[in-house]
Amino acid sequence: CSLEDWKKVLAINLDGVFLGCKYGIELMKKQCGSIVNVGSRSAFVGVPGAAAYASSKAAIRNHTKSVALYCAAQNYPIRCNCVHPGPTLTPIWEKMLSDPDTRTKAIESVEQAIPLKRLGKSEEI
């Protein structure tokens, strides 16, 4: 990908999580709270053709751990965790599946590697 695309993906995925944690901690540090970040299965595996996405999700995973340790060290009553869903049918996937001639076959190919044999739904996360 281009450097411009790389920066855009990281700005969307990672900067948003950073800012959410930063301001969430400030609001919750005198009370009790829980920060839940959304990572991806891609945080654990490489993704051909999606290095920026996978890298951003791996960074979210590590950032979440760092925030949890920071909050603990500061004695803030804040937990910080990350969920890592597998392939989920979202608008990002829709772009990749836009060709009606290959859509069904592409979905079936992805679903074969999923234990439930189907793409996830946003509301399940």
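View 1. Cys1 is exposed, with a relative accessible area of 75%, where exposed means over 50%, buried under 20% and partly exposed in between (1.4 Å probe, protein chains only). Cys71, by contrast, is buried, at a relative accessible area of 0%, and the cysteine sulfur closest to the sulfur of Cys71 lies in Cys80 at 6.6 Å, too far for a bond. With a disulfide taken as a pair of cysteine sulfur atoms within 2.5 Å, the count comes to zero disulfides. This is a predicted model, in which local features need pLDDT of at least 70 and side-chain atom pairs count only at pLDDT 80 or more, whereas totals for chains, interfaces and linings use all residues. Residues are numbered from 1 along each chain as its sequence is written, and side-chain values use heavy atoms, with hydrogens and water left out.

**View 2. The two faces of strand 2 and its pairing with strand 1.** Helices (H or I, at least four residues) and strands (E, at least two) are DSSP runs numbered from the N terminus. Strand 1 (residues 33-38) pairs with strand 2 in the parallel sense over six bridges, pairing being called when DSSP finds at least two bridges between two strands. Within this pairing, Gly33 has Ile78 of strand 2 as its bridge partner.
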